[in-house]
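Hi everyone, thanks for coming. Have the viewer open, and let's walk through this one together.

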Amino acid sequence: MRASSTRRQASNFAIFLGPALAFLVALLVVPIAVDLVVAFTDMAQTVTVDEFTTKQFKKIVRVSDDSLLGFELRGSFYRALTLTAIFVFFTLSIFNVTFGLVLALTTTALPDRLGAFFRAVWLLPRMAPSVVYALLWIWVIDPTERGLLNQVLVNLFGLEPVNMKLDHPMTVIVLSNGFIGASIGMLILTSSIRSIPQHLFYAARADGAGSLSIIRHVVMPALRWPLSYITVFQTLALLVSFEYIFLIMGPSRSTMTMAMLAYTKTLAPSIGSGLYAYGAAITLILIVIGMVIALLLYRLTNMKSLLAQPRIEVH
Amino acid sequence: MILRSVLAAGVALATLGGAAAPAFAEDVTIKLWSRADRSGPMRPGNIVDAADTLNNMLAAAGSDKVVKVELIETNAKGFDADALDLLKAHSVGDTPDIIVAAHEWIGAFAQAGLAANLDGHIEANPNLYGDVIPALWESVKFKGGRYGIPQDSEVRMFFLNNDMLRKAGKSDEFIAGLSEAVNAGEFTMDDLCDLAAEVKNSGASELGIVHRPNVGPDFQMAMASFGIDMYNDEEARLQITKSGLKDYYTWLKSCVDKGALPADMTTYSWDSVHAAFRGEKAFSKFHGIWNLGAQLEAFGIDPLDGDAYFNKITWINAPAGKKGGTPKNLSHPIVYVVADTPNKDLAAMLVALATQHVPNTKHAVGTNHTPVNYGQAAMPDFVTKGWGLVAGVPLLEYAEFMPNHPKIGQYNAITFQGVQAVETGEMTPDEAVEMVIEELETELGEDVIILD
């Protein structure tokens, strides 16, 4: 009796959790394990491994007498880290969180249909294929007078045309990633605002609260967890994001973040790629940075209490 | 003579095959790897056609073997990306039999055990290869052995728009003498930038010079003009000269400062580079002879009217970096590589047939590439339609090849980083040299010699 129940448990486990587990292992665990191994080899264009070595990591630093540790980051890595920090910080703080919040607050304050319309408009970039979205950006910021931005600047305001790719490359990638990233924040926060019981709004109104007070005292407290979640999740996503940067800017030095650096050293076309172990080492560093940041934010935003079991059970 | 030896080779093959073959027809599939490329559809096409010839020979010899070519047409963005894809396929045992590749990858292919040494095949078939221009064999050598067969060659140049020069007040004598002045070392790279700036400032053009937006051989040609010898033959290592690199980057910076070169050149798309010159916005374009066809079409010139073309456009080598120096050119041949597979003998015969005068001329004249055999220049098709190619041959006198070193791709990519950093104003030439040397030392290690 007991044996058959154990067997059934085991088979249920395999049937119900097996596919999800296989999926997790194949798509999340295996790539990281492969990256970990490859990072400590000499794998390059010929895709063969001749030795296990730490030399890929030595490429990232250089000996320096001035430094406390006796070595410092090499120029291109220091630069890549700085650009990554700028990219993640500004995209996240301006768009993914703040703008997402503003969109959620304003579209829920509007009549339902109008609100839904504006949300749909902000979802468009997310729905468009990335290549199409990137092409639109390339057209908008084209440095000649063909570009949409320059048409507006020159014809409407009588200004000189600007060359965004050359003069403000980071602004381009923050804006292009931000317009897409804002929609996720908007969706999550909208649903959170919707789940606030209506009677709280009525009560606040009855007590004489204005719109701003309602936002501050009724809405914002309910958004704490979703905001923390968006911050952690989007930080990690942006750290490794390179798709739009590559599509819009190409392998440009001015937007060579860590993720772009790893991509250009390994798989990007026509830029001296094929250094698989070197790229894996850079990716490994990125994974470690991601883990540290995730743990830090987890602590800072007190995510633990969000994920804890509820103390009471509501029936 | 040639036909007889082709037949002889075919018969020999057929006999060999026949000895081992069973009585029923035996299909041999030869896998041909080639990227879809507008600038050379006949590169794989000639191999496919060669299979018909070879099958006729096999049939005539009574062999039951039938050769079929399976074309693996890739959509890689360039020859570098394609070579990396091929190496990946090879690493998992998916090795094709014949590969159309850029010659500088031969080192990596040989090192990976992918490319077969063809010395024996070439020596055994002197009548099939005897007319190949000898200098081209250098482009397929790795450590002394030949690992490929040249498929075409080319010359690169600065195209200059004569109409704009005239508009800027330059005389026809000046224009006619430019090419000679470049070859004599009197007209330098700096003079070229000054001229481009002058034309632009006179209002005759919107842009000065445009060059390719991505990593590629043109930059090695310009580096050679500044005295950089990229390869040490004795040690089989890449090399770079700091002072030459500094001169090169200083030149780029001065061109940008003078307005002769757009600062954001490296963020252009290929289409905008082409459009700038063909649409007569840019005074000069730094690229190669295969541009000719598209230029004739864009300028509305009769493809058979060479005089009309050269009345509008002047070709010059990359001028010398310093007065009295030598100008440079860089030929970047595409080659057929035969992989070290059980089918390599048959595959090599297909390559031999595709290298003959008639098929190669179809490619050369059709896509404006210089030929691989001497005799092709005398063929009627060449004489009537190939005037541009004939005009390109004198430039070949100054031509060098990129070294067939496995790490040349990295070398090019790193030196290109310096180009981008200097042009966009991110770094001074000195800083760029320091950055590039550090990257070269770190990424290439023992494979590169740094000279002062």
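This is a predicted model: local features need pLDDT of at least 70, side-chain atom pairs count only at pLDDT 80 or more; totals for chains, interfaces and linings use all residues.

Residues are numbered from 1 along each chain as its sequence is written, with chains lettered from A and ligands numbered from 1 in the order in which they are written.

Okay, chain A. Helices here are DSSP runs of H or I, at least four residues, numbered from the N terminus. Look at α3 (residues 75–109) and α4 (residues 112–127) of chain A: their axes come within 7 Å and cross at roughly 150 degrees. That makes α3(A) and α4(A) roughly antiparallel, a label for angles over 145 degrees.

Who meets whom? On the α3(A) side you've got A:Leu103, A:Thr107 and A:Thr108, and they meet A:Gly115, A:Phe118, A:Arg119 and A:Trp122 of α4(A). Contact means C-beta atoms, placed from the backbone, within 7 Å.

UniProt, in an unreviewed entry, lists residues 77–105 of chain A among its "transmembrane region" spans. That span is 100% helix, with its end C-alpha atoms 40 Å apart.

Now chain B. An automatic or database assignment gives domain 1 (2–150 + 332–369) and domain 2 (156–330 + 405–451). Their C-alpha centres lie 34 Å apart, and each domain of chain B puts 11 residues into the contact. On the domain 1 side, helix α4 (residues 106–111) of chain B gives the most, with 3 residues.

Methods: Axes are lines fitted to C-alpha atoms, for helices over the stretch in contact, and angles run from 0 to 180 degrees between N-to-C directions. Helices (H or I, at least four residues) and strands (E, at least two) are DSSP runs, numbered from the N terminus. Angles under 35 degrees count as roughly parallel, over 145 as roughly antiparallel, 65 to 115 as roughly perpendicular and the rest as oblique. Two residues are in contact if their C-beta atoms, placed from the backbone, lie within 7 Å. UniProt positions are given in the numbering used here, feature names are shortened, and annotations may be inferred rather than shown by experiment.
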